[in-house]
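Hello,

Here is the structure I promised to pass on.

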Amino acid sequence: MKQSIIKYLIITLVIFLTGACTKFLDIKPKGVDVVSTIDQYNGLFNNALLVSFGDYTIQPGGVTPGDNADLSIFLSDETYTTSPYNSSLKASSINGYHWLPNVYLPDQDAPQWNAFYTQNYTYNVIANGVMNASDGTELQKKQLLAEARANRAYLHFWLVNYFGKPYNASSASTDPGVPIITKPDASGSAGPRVSVQAVYNFVISELSAAITDLPDSSLSRLRLAKPAATFMLGQVYFFMGKYDSALVELNTTRALIQNSPIPMDLYDYNQVLDQWTPPVPNFPPTFPIAPNNQEAICQRQTTVGLYRGIVFLNPNYSLYDSTDLRLKLFSKTDFGGQAVYPSYSRAAPYQVNYGPSVPNLYLMLAECKARTGDISGATADVVTLRAHRMPATDAAVSIGDADSLVRFIVAERYREYALTGFNWFDVRRLWNDQLFAGKNYVHTDSAGTYILTTDRLVLKIPPKVLSYNPGMTDNP
Amino acid sequence: MFKSAHCGFRLFASRNIPKPLLVLKLTIILLTVAMLHVSAKGISQSVTFSGRDVPLEKVFDAVKSQTGYVFFYDVEILKNSKPVTVDVKNVSLGDFLELIFKDSDLKYSLQNHAVVVSLREHMTVSADEDITITGRISDDDGNPLAGATIALKTEGGMVSIISDETGKFKITARLGSTINVSYVGFKPFSFTVGKKSANISIALSRIVSGMNEVSVTTGYQTIAKERSTGAFSRVEGEEIIQKSVSMNVIDRLEGLVPGLAVNNGQGADKFLIRGVNSVNANRAPLYVLDGVPISYDDVSRLVNPNDVESIQVLRDAMATSIWGSQAANGIIVITSKKGKAQGHIKVQYNGFISFKGLPDFNYQKMMNTKQFIATAQEIFDPATFPYNTVTGISPNYELPVVFPHEQILYDLNGGVISQAVANQRLDSLSSLNNRSQVEENLMQPAMLSNNSVSFSGGNQVYNFYGSLNYTNTKNNDRSAINNYMVDFKQVFSFTPNIKLDITTNLSQQNSKQFIIPDLPNLNTYLPYAMFSDGKGNALSQSWLQLYSGYQQNAEQQSGINLDYVPLKESAYTSNNANNTLSARLNAGLTIKLLRSLTFEGRYQYQTGSNNNYTYYDQHSYLTRREVVSFTEPGPVYNLPNQGGDYLTGAGTNTAWYVRNQVNYNDAWKNSELTILLGTEVRDNTVKSNSKLIHGYDYQTMSYTAYNELTLQQGIYDPIIPNYYSSSTLSSPSFSASEVETRFFSLYGNLAYAFKRKYNLNGSIRMDQSNLFGTNISQQYKPIWSVGSSWLISNEPFFKKNLVNSLKLRLTYGIAGNSPNPGSGGPYDIIQPQPGFFYQNVGLGYSILLPSNKKLTWESTSTLNAGVDVGILENRVTFSVDVYSKKTDNLLGYSPFDPTNGWSSGYTNLGNIENKGIELAVVSQNIVNRNFSWTTRLNFAYNHNKVVKLGEVVPLTANGKLSSTGFVQGYSAYSLFDLQWAGLDNQGNPQVYSSKGQKIKMASDLSLDDVRYAGTTQPPYYGGMTNTFRYKAIELSFQVIYNLGYQMRSYVNTYFSGRLTNNISTYFNDRWKNPGDENKTNVPKYISSPEIDATTRSIGFYENANINVESASYIKMRDITLTYSLPVSWISKLSMEGVQVYAQVNNIMLWTANHQGIDPEYYNAPNGPASGGANSGVGGKLIGAPTTALPDKMKPFWTFGLHVSFK
C-alpha cells in the first residue's frame, strides 16, 4: 500500500509540473499595451483628446465625450441670451449666465473641473514614468518629462482661474486654490485645496523647469515646445500683473516662433477671408483646422461654434467698426437666412484656441508694453494685429496716454475674442484694476437682470467633487 | 432511444449472443427503466400465442416481439425446462406468464418492462450452506470493471470487497443471502446467492438515462447520485428532442430545470441560474460540452440537439466549484451520445418544420391611415415649425425633410393650394395603406426546419456515433440561414485498460441578409407610404431622406441622382453573405494505471472562421448619398463616383484545451473513497479584421484610389454634410482586433462514503490567467467547497413504508467570476489612438484604463441544503433545495473622484445577496398497461438584494428613476415609479411627492418621491410537463410560468414635435380640452419641443405607477401529439419505429396585464422606450418619433417525424 501511494504521488507530481509554466501566462494581449517605451510615452501626447478643454470618459469600446469646458462663454460679460433662444441650453449654462452660486446639480459632472484633471492624469503618467522608459536617450526622456510638466502646470493654471480668486499678491497665500495632483492614482484621494499662491508657485516652477529642457520647436502645433512654454509662463505673469516678467517670456516666444519649422504668424483677413468663405450663402468662413492654423503656437482649444442662434453679442456692446473683417465671423440670421436674431451670433471658427496663439501674443505684448510705459512698442504690436483684421487705413491707432492705450488694448481683446468665453478671464483679471474701476457687469434676459459680484468671479467647487472630498473647503 | 433499447434485445436474444458471451454461464444485464419504457412504446401488452411443445426460449421471443418485454434468465436454468403447449388469444402478459410457468420449476417476476426468470428457490437452496463465489464484473460491453464494490450482508454486519484489475472477485457467502454489486457510474445490482452463483458473471449496466437520476457529472467526473452532495438537475436528451423553439439545446431547457430562469425580454439576461451574481461581469452560466467549456453561440453551431444524451445543470457551490473562477453563475453540462456495442449499424432520422408566420401587426396598435391623416391635420402647427425652417438646415445641421402629409398642409397654409385641393389630396392619402405591401415586399413568413440522420454501431473494441444535420431558418426580415453539421464520435478500446475517444464536430453556417439602406422601422412606417403603384412599378420615397428642394440642389451640384426607391434598393445590396465554418476535435484518453488508479486525459482543439461581405452597389442609395456627402461644389469628388462600398470581414477563433487528471478509486470495509487531481491549460484566441473599400467594382474586382487622409480629416462644407457642416469618414478602411486568453488551473476533488449512508465531498481549485495586467501573485485565490449528505433511508432504523428513499444534503463553498480580459490591473493600459493630426511627431496612444492595484475576483459563497425523497418505490420523487448566496467584490465601473483623473473606473465595488428555494417533482401518476400519465413540475423562487454598490455620490431622483436596475439597497433589476396625481387643468402630468404635494417639474422631485415598484426579473418561475400515453398515442404539454415581476406598460410616447412616423392609437386619448383631465391620463400634445421640455415633465407620465403593471404570465410552451406507427406496418420497410408528431407552440394562457401585451418578448424595464429610435430617417427628428411595441411571438405549428431503421 505504501509503495503504491508513493507511486501515485510521483505520477501526480509529474503531471502537475508539466502543466505549470508561468511563461505560458506571460503574454500581452494585442490591441492594448502597458506604457513602457519612449515611443509610447511620446505617443501619449499625440492624443487629440488632450487638445480640447472637454470632459471625456474612456472605457473599453470607445470614448464617450462629455461636455466642453465652455462655461466661460456664459459667464463672460459680452454674452447675451434670452428666451426662446436659450431653451436648448443646459441648466448649468443658464445658471452660469445668471451668475448663480450653484451651477451644477449634485450628480452632475463639472467639465471645468473634470476636463483639466482628466488630462492631468495622462501627463502625470508620463511625468512619473518617462525617466524609467525602457529605451530612449536621456535627452529624449528629459524633453518628454519637461513637456508633461509644462502641460500639467498649464492645466492647474486654468483650474485656479476657474476655482480660485483672481491673483492678488496680498491675499493669494490665503485664498484657497485647487488641489495640486502630481501622481497618477485614479482611486486615490485628492488632498486639500492649496492656496492660490501655492498653485501659482507650482505653475511657475514647473514651467520654468520645463523651459530648460524643452526643444526650441515642434513639428506639430498640437505639441508643446519652448515657444509655447515661454508663452504660458508669460501668460501666468500677465495674469499676476507682473508685466515686466511677462514681457521677458513673451519676447522669447516672439523670437522663437520666427524660427519655427512650421509657420507661426497672423493671418491677414484682408487676404484670406474671401478664400475661406464658402459659396453657400449664410455659411460662415471655413477656418483652417487646428493642426494647420498658423496662428496657433500650441492649440489648447474649446468648442464655441455650437451656439449660433443661441448666444449673442450683448446688443449694448458695439465692439466693431463696420470695416472690421472679424464681423464676418458673426451672423444675424440662421443658415437659411430666414430667422433674424436679436444681435450678432458667432458663426466661426468652430474652436477657439485658449492656449498659446499669435494674436494673444501680440495683445499681451502690447498690454505689457503699455503697462510698462512703452507706448510706441505697445501701439506697434496692437496695430500689427489690427492690420491683419481690417484694412490698413482703419487699423491705425494713435493714443498717447498709457492708461487709455491699455483700455484700448483690452477692448481689442474683446473684439478678438468676443463670444468665445476668453474674455471672462479678463473680467477676473481686471476686477480690481483701478483702470477699470466702476465698471458694472450685467446680464439680462426675459426673466430678469443679473449683476456680477466679487464672489461670483469664482466658481464653487462642484458638489460631486465635494461629495468625494467631504473635508474640502468650498467657495462662498 | 430506440437504439439503446434495441441494444438490449440483441444482447439477450439467444440467437444473437455474440461469441464471447456464449461461454458465460450466466449473463445478467440490467437495463434502465427508460430504455425499456421507450422500447415498450406503441407495442401492445397482451399476448396471443399458439403452439405445441415450443421451447421456452421461442415463447420468450414471441412475447418480446408482441409486448416489448425482455426476459432475463440464466441460460443454464432453461436447459432443464420443459417445452410448453399453449393456445391463447389476447390474454394479459401476467396471465400468460402464469400459464407457461405454472408447471415448471421456474418462477418469474415483472420488473418495469422486464421479465426476470429464475429457479424457484425452495427447490435448490438448503439452509446454512456456504458457497464460494468466483465472479467477474464487467460493463455491458464486456470490459472488466476493477474496483467494483461487492457487499455481502451477514449476521455480523456488512462485508465488502472490491474486484481486481480483471474485474474478478472471490467471496464466500451463505446460500440465500444477498450480495450487492456497485460501481460508480453504473446501476447497482443485487442477487440472491444460490448454488448456481458459484461462477457468476455480472455485466453492470451503465447509467445512461432514466428518471431515477442515478449518476451526476460535473464535466470532470461522474459519480453516483447516491454519493453526491451537490445540487444537480438532469434533463434527458429525449425530453428536449421535440422542442422546436430553437435549434440551440440551451434554449430548449426552459421550464425543465429548477432554478434556471429563461427571460426572452429585450435587454434581459436570457439565462440566469439562481438569480444574479454580478453587475458588470458575466452573469450567464458556464456551458460545457463533453467536459470542455463552450460558448453559447458555439452550442448553436456545433451541437445537434438530436445528439444530446443528457444535460446537467449544476447549481450549488459543491457542484460548480471545481470549475473555479468561472463557476459563480452555475454550469450547464451537455453530454453527447456515443455508440453502443451492438454488432450492427443503427440508423435514425429526425426532422421537423415549424411555421412561424408573420408578426401580428394589429398587436402594435398603430394608427390606420385615416386616423393618421386626421391626427396630422389636428396637430399641424406652422407657427412652431415654419415652412422656411423645416426646409432649411437646422442649427444642429440636421438636414431638411418634409413629409407628404406635411407638404399638403404647408401648401394649404401658405395659400399655394385651396382647401378643396388640400382635402382632395389628404383624402387620397387617407385611402392608401401600405401594410400589405410591407408584408409582401419587405417581409416573409418565418420558418424553421431541420433534418437530421444519425448512425451508430460498434462492438466491444470499437464503437461510433455519427450524425448529419441540416437546419434552415427563414426570418421575417427576409434573411435566411442554412446550417450544416456533421458529428462523429468514436471510442477505441485498445486493451481493457486503455481507451480512447475521439469526437469530431464540423459545421458550416451560411446566411444572407435582405438589405434596404436607411429604411425606417417597419412598425412605425408612415402608413400611406406606398412602395409600388397598381401596376407593380416601384415608387420613390425620396421625401423620407431629404426635402425635394434640397435634394434637387444637391443633385445639381454633384451630378448624382439621389432618388430613394426602397423596392429597387435590395437588388443593389444582394451581394452579401456571412459564412461561418466551425470545427472541433475532442479526444479523451483513459489509462488504468493500477487497480484503483486511472489516468484521464482530455484534449480539445476548436477552430472557427467567419467570412462576411456586403457590397453596396454604386446605385445603392447608401453609396450615392455617401459620394455626395464627400463632394465639394464644383463638383469635386473626394470619393470615387464610380463603384460601390465593399465591406468585408473575417474572423477566426482558435482554442485548445489540455486536461490531465488522475482518479483514485478505492473501497475498504464500509468505506469508499474517490479522489481526483488534475491540471488544466486553456488558450483561446479570437482574431478579426474588417475592411471597407469605396469605389469598388464587384465585377472587375478593382477599385478607384482615393485620399483617405483627407476624408478622415474631414471635408469642410461639402454638398451634403454628414457631421455638422463637414463630412468625415467615420469608419476606418481597416480595423483588426486580437484577444488571447490563457488559463492554467490546478484542481482536486474528494468523495468519501461511509457505510453507503454518509457522504463527504470536497473540492478545491486554483486558477491563473493572463487577464491583462492582473498580478499573478493575487491569483492564488483558492476556490473550494465542502459538502455532506446522509442517506437516511439506508439507516437500519428507517422504515420504508410510503417513503422509500430519503437523502439530506448540505454544502458550502465559494465560486468565482473573473474580470473580463483587459479590464484593469496594476498597470495603466494604453491603446493606439489614430492621430491624423500628429504627422511627423510619432504614433498616438491614449490611456484606456487607469491602474488599479487592488482589483480582485468576484467571489460567490453559497450555502445549500437539500432533500431528495422517493415515494412508493420512486413512483414519485422530489427534491427541494434552499440556498443562500453572497457575492463579494462585485466588479464594475464605480464613480471615482474626478480630481484624480477618472470620473469612473473598473473596481471591486460591492456585494449582492441571493436567497431562494427550488423544487422538482417527477410523478408517475398512472402507470398502466395501456395508459400512463407522468408529471414533471419545477418551481423556483429567488430573492436578491444589492447590498452595496460603491455609490459615493448620493443618488438623485432622476438617477434612480432611470437606473439600469441595480441600486444599492434594492433587488437587482429594480423598477422605480412615481405616484400619479392625474393631469392638471392644462393637460400636463402631475405626480405626488412623498409629502403628498402635487409636483409638475422633474426639478422639484426629491429622492423620496421615487418609489420601488418591483423587479423586472421574475422571482417565481418554472414549468410543468404532463405526458399522457395511450397505446401508440402520446400527448404531452408543457406549461411555463414567470410570475411576480413588473413592467412599464406600453403607452403613447409622442407628445411633442413634428409627426414624422406612425404613432400609437393611444395618442387619440390625449387631453385636448379643459375637463379632459377627469377622463384621461394621457397628457396633451404641445407642438414646440422647447415648451414641452420647459413647462412640464412628460417623463412623469411614462414613469407613473399607473403605467407599471404586473408582467406575470403563464404560457403553454408546447402541446405535442405523437403517434407511433404499428410495428407490423413498418417492419416490412426495414423500420423499427416511426413516430409522427404535431406540435402547437407558444399559446398564452394567462397574463396579468390588461393591455394584451405578451411580456415574454417585451422590454420590461423601459416599456415603450424600447422600440429603437427611427434612425433611418436622415432628416429632422424634432420631436422624438414614437416607438412601436416589440413584436411578440405568435402561436405557431410544428410537424415532425422520427424514424429508426432496423
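In which strand of chain B is B:N505 found? B:N505 sits in strand β27, residues 498–512 (strands are DSSP runs of E, at least two residues, numbered from the N terminus).

Before the rest, some ground rules. This is a predicted model, where local features need pLDDT of at least 70 and side-chain atom pairs count only at pLDDT 80 or more, while totals for chains, interfaces and linings use all residues. Residues are numbered from 1 along each chain as its sequence is written, chains are lettered from A and ligands numbered from 1 in the order in which they are written, and side-chain values use heavy atoms, with hydrogens and water left out.

Back to B:N505: this residue is buried, with a relative accessible area of 5% (buried means under 20%, exposed over 50%, partly exposed in between, with a 1.4 Å probe and protein chains only). Its side chain makes polar contacts with the side chains of B:D487, at 2.8 Å, and B:R584, at 2.6 Å (a polar contact is a pair of N or O atoms within 3.5 Å; within protein, one must be able to donate a hydrogen and the other to accept it, and residues adjacent in sequence count only if both atoms are side-chain atoms).

On cysteines, the count is zero disulfides over all chains, a disulfide being a pair of cysteine sulfur atoms within 2.5 Å. For A:C298, the nearest cysteine sulfur belongs to A:C368, 20 Å away. A:C298 counts as buried, at 0% relative accessibility, and A:C368 counts as buried, at 0% too.

Best wishes

Definitions and conventions
Helices (H or I, at least four residues) and strands (E, at least two) are DSSP runs, numbered from the N terminus.
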